[in-house]
Amino acid sequence: AFSSGRPIAEIDRIFHPLRLPAVGGHGAEIRFAPDTEIRRSRIATLDNDLREEFAQIVELDPGILVEDKGFSIAIHYRLSPQFGGEVMKHVATICRHERCASLEVLPGKLVVEIKPSGYDKGTGLRELMSVSPFSSRKPVFIGDDVTDHAAFAVLPDFDGIGFSVGGAVPGAVFNF
């Protein structure tokens with residue numbers, strides 16, 4: 001199975017013609033088998049006013065990209081790394097006064113992602129492991145970003161094996 005912060009439709013497009021069970025949108029959606037329907041979380045997505053405000057962060061610099069993933073917003077600054085602090089400052093300003101109380105702000109590698117609380121790659125992995133054929137297996141998870149830590153954290157519950165890319169992470173047995 002694939003597990004990603006990207007929507008399952010995008011995972012399918014990237015890996016076409018390969019189509020596997022998948023957890024997408026950081027656990028917001030799941031497909032238990034290649035030819036079954038995608039089940040989406042009932043947790044509310046970002047409201048449109050917040051989406052618009054986060055989208056305006058691109059005005060800081062042409063190298064800043066805002067990716068609307070449906071269940072989350074990712075603000076990439078890898079083309080303008082010198083603006084990382086400014087991006088975070090703008091996100092904090094938008095989220096002032098409890099506006100983002102039901103949201104998680106996830107800093108990553110030259111990106112900050114904003115998503116509703118209540119699901120993550122760990123909850124998606126738990127859900128996937130609750131059904132056949134996964135329930136009788138050990139998960140192997142490979143991840144390279146902060147958003148993968150939630151999946152690493154639940155691996156020991158399933159006697160799973162984790163590989164972190166770029167540094168040691170609790171729950172990951174190996175790293176490279």
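Modeller: Start with strand β6, residues 73–76. I73 and I75 point one way, A74 and H76 the other, and all are buried. Buried means under 20% relative accessible area, exposed over 50%, and partly exposed in between, with a 1.4 Å probe and protein chains only. Strands are DSSP runs of E with at least two residues; helices are runs of H or I with at least four; both are numbered from the N terminus.

This is a predicted model: local features need pLDDT of at least 70, side-chain atom pairs count only at pLDDT 80 or more, and totals for chains, interfaces and linings use all residues. Residues are numbered from 1 along each chain as its sequence is written, and side-chain values use heavy atoms, with hydrogens and water left out.

Now the partners of β6. Strand β5 (residues 65–68) runs antiparallel to β6, joined by 4 bridges. Two strands pair if DSSP finds at least two bridges between them. L65 stands opposite H76. β5 and β6 form a hairpin with 4 residues between them. In that turn, G70 has a positive phi of about 90°. Strand β8 (residues 111–116) also pairs with β6: 4 bridges, antiparallel. Here I75 faces V112.

D61 is found between α2 (48–55) and β5. D61 is buried yet has no salt bridge. A salt bridge needs a side-chain nitrogen of Lys or Arg within 4 Å of a carboxyl oxygen of Asp or Glu. The nearest side chain of opposite charge is R78, 12 Å away. Lys and Arg count as positive, Asp and Glu as negative; His and the chain ends are not counted. The D61 side chain does reach the backbone nitrogen of G63, at 2.9 Å. Leaving aside neighbours within four places in sequence, D61 is in contact (heavy atoms within 4.5 Å) with S80 and F83.

L110 lies between β7 (103–107) and β8. L110 has a positive phi of about 60° although it is not a glycine. Most residues other than glycine have a negative phi. L110 is partly exposed, with a relative accessible area of 36%.

One more item: the whole structure holds 1 disulfide, a pair of cysteine sulfur atoms within 2.5 Å. It joins C95 to C100, S to S 2.1 Å. The S-S torsion is about -70°, so the disulfide is left-handed. C95 counts as buried at 16% relative accessibility, and C100 is buried at 8%.

Conventions
Polar contact = N/O pair within 3.5 Å; in protein donor to acceptor, adjacent residues only side chain to side chain.
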